[in-house]
Amino acid sequence: MAALLQMNLPDLRLLSKGKVRDVYATSSPNHLLFVATDRISVYDVVLNSGIPDKGKLLTSISLFWFDKLKHIIPNHLVTVNIDEMPDEVRQYREQLEGRTMLVRKAKVVPMEAIVRGYITGSAWAEYQKSQTVCGIPIPEKMEESQKFPTPIFTPSTKAEQGAHDENISPEKAAQLIGKDLFDRIQAASLQLYMAAAEYAESCGLILADTKFEFGLVPSTSVGQDELILVDEVLTPDSSRYWPRDHYEPGKGQPSFDKQYVRNALTAAGYRKGLESGPNENGEGWAIDDTVIEGTRKRYKEAEQMLKSLHS
């Protein structure tokens with residue numbers, strides 16, 4: 001089974017090409033077409049290798065969470081039914097089935113909303129140096145992978161492809177987007193995380209941390225624009241999922257997310273400054289078939305566990 005890395009939709013106008021998703025205009029002025037490819041990125045670098053069916057798995061997991069969390073905040077999903085999409089989209093059914101969403105157009109907020117329930121990854125690295133996470137003071141004597149007393153909100157910039165997202169303090173984020181909007185996003189993000197983490201745990205998964213993205217759409221009532229959830233939500237691409245039964249603080253955890261690929265790339269010699277390839281010659285980075293299949297298996301298992309209570 002081959003990974004679908006590039007879409008071939010010549011009659012559609014490509015608006016943007018992200019690390020994983022391509023966004024197309026449609027004949028409907030208020031809607032966009034979001035397409036999840038099988039590309040995979042780690043450390044903000046898109047790899048030459050893809051993960052077969054990854055785009056379909058990401059779409060399936062996002063749809064599950066959009067529905068489960070819609071009582072907390074609206075989202076941008078309109079339909080995943082190809083027959084309900086504009087005429088020019090339907091001709092590409094074979095490519096798009098299972099990996100595309102028709103969504104509402106929104107003004108995307110230029111900030112990634114990260115919620116951390118456990119100390120790991122870049123948060124653990126910063127804590128070891130300064131006992132802070134994104135400039136936020138953290139209690140003493142925490143261990144790697146330990147649960148925070150309460151989840152923390154740690155925003156980051158939203159980088160263009162090829163650039164690195166940058167963790168920023170809540171104060172800087174509030175300056176960037178305005179305090180009122182920041183407060184609304186922080187409150188929604190924490191509420192979403194806590195609801196998702198509680199459900200995931202009932203399925204045997206620990207949601208260690210996750211990233212949300214938000215957009216603004218005109219409100220039907222007079223006043224501020226409506227805040228909605230956009231992009232993907234709570235997928236293994238945007239979240240760290242750990243198996244609950246194997247959780248042991250004080251070390252790194254086995255995971256159902258991109259950490260497996262990060263580890264493989266690091267073992268192959270990746271470090272900051274070598275984004276263009278091992279020899280800095282533009283050849284890019286690839287992963288071997290074992291890592292590809294292992295990643296696909298982990299994503300699929302996460303999907304099955306999350307949906308186990310609904311089967």
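Trainee: What should I know before I start?

Mentor: The model is predicted, so local features need pLDDT of at least 70 and side-chain atom pairs count only at pLDDT 80 or more, while totals for chains, interfaces and linings use all residues. Residues are numbered from 1 along each chain as its sequence is written, and side-chain values use heavy atoms, leaving out hydrogens and water.

Trainee: What is a salt bridge, and how many salt bridges does a search of the whole structure find?

Mentor: Side chains of opposite charge can pair when their charged atoms come close. Here the term means a side-chain nitrogen of Lys or Arg within 4 Å of a carboxyl oxygen of Asp or Glu. Searching the whole structure turns up 20 of them.

Trainee: Where do D183 and K179 sit relative to each other?

Mentor: Both are in helix α6 (residues 179-202), four residues apart, so about one helical turn separates them. Helices here are DSSP runs of H or I, at least four residues, numbered from the N terminus.

Trainee: Is K179 buried or exposed?

Mentor: Buried is under 20% relative accessible area, exposed is over 50%, and partly exposed lies in between (1.4 Å probe, protein chains only). K179 has 54%, so it is exposed, whereas D183, at 32%, is partly exposed.

Trainee: Which residues are linked with R93 in a network of salt bridges?

Mentor: D83 and E97 join R93 in that network. Between R93 and E97, the closest N and O atoms are 3.5 Å apart. R93 is partly exposed at 32%, and E97 is partly exposed at 36%.

Definitions and conventions. Helices (H or I, at least four residues) and strands (E, at least two) are DSSP runs, numbered from the N terminus.
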